[in-house]
Amino acid sequence: MLIVGKQILITFIIFFLISSFGIGQVVWIYLDSKKREDKWGILWAILAMTPIFLPMLLPLPLIVYLLVTRAFSIKCPNCKMKISSEFSSCPNCGWKLKEKCKSCGSPLKNEWKYCPYCNNKIEVE
Ligand SMILES: [Zn+2]
Ligand SMILES: [Zn+2]
């Protein structure tokens with residue numbers, strides 16, 4: 001009788017931990033995407049709710065979310081705001097992150113000497 005009671009308690013604790021992690025994950029992802037002004041915030045929150053139906057996928061939405069939002073973001077060297085690595089200038093302070101090709105307007109990397117899009121020679125000012 002005592003052993004059965006213990007098992008129920010452990011099951012309950014595990015269930016409690018999983019569900020609180022699941023809820024915390026949904027709330028955190030939603031708030032974080034709001035903060036980043038991500039227009040997909042609601043979709044991320046819905047994605048984070050999928051472990052309700054598939055509990056074995058519990059940490060997956062968080063991992064996917066962090067990979068997608070963090071791997072493709074960089075910090076502005078001027079104001080330290082987190083921004084997309086796709087941007088060519090900071091939306092917060094206007095800091096120029098990437099030079100643009102004078103010939104075709106493509107964003108360039110600092111180390112490039114020629115534009116790979118139009119073969120224009122890049123002149124450093
Ligand atoms: Zn900035
Ligand atoms: Zn070019």
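Analyst: Read along the sequence, this predicted model follows the pattern α-α-α-β-β-β-β, where helices (H or I, at least four residues) and strands (E, at least two) are DSSP runs, numbered from the N terminus. The radius of gyration, which is taken over C-alpha atoms, is 23 Å, well over the 14 Å that the globule rule (2.2 Å times the number of residues to the power 0.38) gives for 125 residues, so the protein is more spread out than a compact globule.

User: What box do the C-alpha atoms fill along the principal axes?

Analyst: Along those axes, the C-alpha atoms of the protein take up a box of roughly 80 × 25 × 20 Å.

User: And how is the numbering done, and what rules apply to a predicted model?

Analyst: Residues are numbered from 1 along each chain as its sequence is written, while chains are lettered from A and ligands numbered from 1 in the order in which they are written. As this is a predicted model, local features need pLDDT of at least 70 and side-chain atom pairs count only at pLDDT 80 or more, whereas totals for chains, interfaces and linings use all residues.

User: What is the mean pLDDT, then?

Analyst: The mean pLDDT, which is the predictor's confidence in each residue on a scale from 0 to 100, is 84 for the protein, and 96% of its residues reach 70 or more.

User: Into which domains is the protein divided?

Analyst: There are domain 1 (2-71) and domain 2 (82-125), with bounds that come from an automatic or database domain assignment. The C-alpha centres of domain 1 and domain 2 are 38 Å apart.

User: How much of the protein is buried?

Analyst: Buried residues make up 10% of the 125 residues; a residue is buried if 20 or more other C-beta atoms lie within 10 Å of its own, exposed if 12 or fewer, and partly exposed in between, with C-beta atoms placed from the backbone.

User: Which residues form the largest nonpolar core?

Analyst: That core has six residues, namely Val26, Ile29, Trp44, Ala45, Ala48 and Tyr65, and a nonpolar core here is a set of buried Ala, Val, Leu, Ile, Met, Phe, Trp, Tyr and Cys residues joined through C-beta atoms within 7 Å. Helix 1 (2-35) and helix 2 (41-49) each supply at least two residues of this core, and helix 2 gives the most, with three.

User: What does Trp44 contact, leaving aside its neighbours within four places in sequence?

Analyst: With those neighbours set aside, Trp44 is in contact with Ile29, Tyr30, Ser33 and Tyr65, a contact being two residues whose C-beta atoms, placed from the backbone, lie within 7 Å. For the protein as a whole, residues 24 or more positions apart account for 12% of the contacts with a separation of 6 or more.

User: Back to helix 2: which of its residues are buried, and why do they line one face?

Analyst: The buried residues of helix 2 are Trp44, Ala45 and Ala48. Seen down the helix axis, they fall within an arc of 100° (the arc of the directions from the axis to the C-beta atoms), so they line one face of the helix. On the other side of helix 2, Ile42 and Leu43 are exposed, and for Leu43 the count is 11 C-beta neighbours inside 10 Å.

User: Is Gly24 buried or exposed?

Analyst: Gly24, which lies in helix 1, is exposed, because its count is 12 other C-beta atoms within 10 Å. The C-alpha atoms of Gly24 and Ala48, 24 residues apart along the chain, are separated by 9.7 Å.

User: Changing topic, what is the phi of Lys80?

Analyst: Phi of Lys80 is near 65°, a positive value in a residue other than glycine. Most residues other than glycine have a negative phi. Lys80 is in the loop between strand 1 (73-75) and strand 2 (82-84), and Lys80 counts as exposed, with 10 C-beta neighbours inside 10 Å.

User: And where is Asn119 found?

Analyst: Asn119 is in the segment after strand 4 (107-108) and has a positive phi of about 65° although it is not a glycine. Asn119 is exposed because 10 other C-beta atoms lie within 10 Å.
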